Amino acid sequence: MSNKAGYSKEIEKYIKHYRYDEVIDQRSLLKDFTRKYNFFTDKDTLKNFPQAIYSVFSGVPNCHHIAAKNLLFQGDDECWEFFDRTAYFLTYSQSDDFIDLVTPALNYALYMQREELLEILHRKMETYLANDNYKTDKEHIKQEVYPSSYLVHFLLSKYENNDVQYNQVKKYGKGAGIYQRIIDEWDTSFQEIEQSYWSSLCDYHLQNLKGTKRTDEEHLWYGLIPMELINMFIVRKEAGLDIPIIEHDLFRTPMAVFPPGKTGYHPELDAKFQLVHRTVENRKKYSYGEIITDLQRENGPDAVIFY
């Protein structure tokens with residue numbers, strides 16, 4: 001370990017790749033954000049495909065998940081508001097009915113313990129799984145499913161004490177793979193599981209950040225955050241079960257901290273989210289200034305708007 005922070009070469013490689021040290025000025029993004037907004041709010045989209053307007057956020061990731069991870073790495077508590085914004089964006093924009101494509105939204109919503117978002121996502125999943133595509137379309141019936149997708153559905157079955165959706169998801173793909181042991185030994189002491197197993201899960205996370213093909217892009221949405229394992233901690237803590245101490249280098253980074261229960265984020269005060277959300281809901285185009293004026297009027301002059 002030759003770098004100043006003492007991280008392994010692989011960890012250091014991803015820190016440089018994702019540019020976690022970079023400070024992102026949200027004000028400088030407004031021009032790009034409004035340009036994307038104007039592009040996605042043509043008359044046809046407003047009338048016939050309003051859900052597609054959430055693509056504004058997809059086009060400016062520095063407004064949500066990239067800002068969240070950079071600020072987390074830099075030790076700035078404002079990161080949690082960006083994580084919440086990411087969870088809201090992923091949930092409300094979610095419209096793809098393949099199991100893996102719902103997984104990032106589920107992971108972020110569980111990570112931030114946003115039960116209102118989990119409820120929305122469960123309703124969406126219920127609709128997807130009941131769709132005729134899952135009965136007649138070969139692409140849906142034989143879809144590949146990431147091991148971590150099974151894991152998050154298993155964790156949610158424990159978090160919410162309801163395994164109906166998890167049992168439906170298990171009908172597809174080839175199973176939980178490397179995470180199966182977590183499922184099989186859930187009710188035992190995780191502190192008794194050998195450290196080599198937890199290290200193998202961390203190595204697996206790192207191996208799936210390359211993004212060159214489907215088999216190595218499983219954790220791209222999370223970067224160096226071992227979100228699938230932190231979500232396991234969250235659910236076990238909620239259930240009164242023990243939490244393992246993981247000694248892998250990944251857990252020595254700032255990216256492996258436990259998220260707070262409350263972040264100070266309120267979606268009704270998020271100017272960017274409200275601009276997109278109100279446009280989708282009302283099928284009406286707004287200016288950014290109009291939204292800020294509306295938020296101030298609705299919430300009072302002392303309201304702390306999230307820009």
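This is a predicted model: local features need pLDDT of at least 70, side-chain atom pairs count only at pLDDT 80 or more; totals for chains, interfaces and linings use all residues.
## Overall build

The chain has 17 helices and 0 strands. Its C-alpha atoms fill a box of roughly 55 × 55 × 40 Å along the principal axes.

The radius of gyration is 20 Å. A compact globule with 307 residues would come near 19 Å, so the chain agrees with that expectation. Of the 307 residues, 53% count as buried. Contacts also reach across the sequence: among those between residues at least 6 apart, 69% join residues at least 24 apart.

## Helices α7 and α11

Helix α7 covers residues 99-111, and helix α11 covers residues 147-159. Their axes come within 9 Å and cross at roughly 45°. The crossing of α7 and α11 is left-handed.

Which residues meet here? On the α7 side they are Ile99, Asp100, Thr103, Leu106, Asn107 and Leu110. On the α11 side they are Ser148, Ser149, Val152, His153, Leu155, Leu156 and Tyr159. By type, the residues of this contact divide into 7 nonpolar, 5 polar and 1 charged.

## His65

His65 lies in helix α5, which spans residues 65-73. Is His65 buried or exposed? Its relative accessibility is 13%, so His65 counts as buried. The cut-off for buried is under 20%.

Setting aside neighbours within four places in sequence, His65 is in contact with Thr86, Tyr108 and Trp221.

Note on methods:
Residues are numbered from 1 along each chain as its sequence is written. Side-chain values use heavy atoms; hydrogens and water are left out. Axes are lines fitted to C-alpha atoms, for helices over the stretch in contact, and angles run from 0 to 180 degrees between N-to-C directions. Helices (H or I, at least four residues) and strands (E, at least two) are DSSP runs, numbered from the N terminus. A crossing is left-handed if the near helix is turned anticlockwise from the far one by less than a right angle, and right-handed if clockwise. Contact means heavy atoms within 4.5 Å. Ala, Val, Leu, Ile, Met, Phe, Trp, Tyr, Cys and Pro count as nonpolar, Asp, Glu, Lys and Arg as charged, and the others, Gly among them, as polar. Buried means under 20% relative accessible area, exposed over 50%, partly exposed in between (1.4 Å probe, protein chains only). The radius of gyration is taken over C-alpha atoms; the globule rule is 2.2 Å times the number of residues to the power 0.38.
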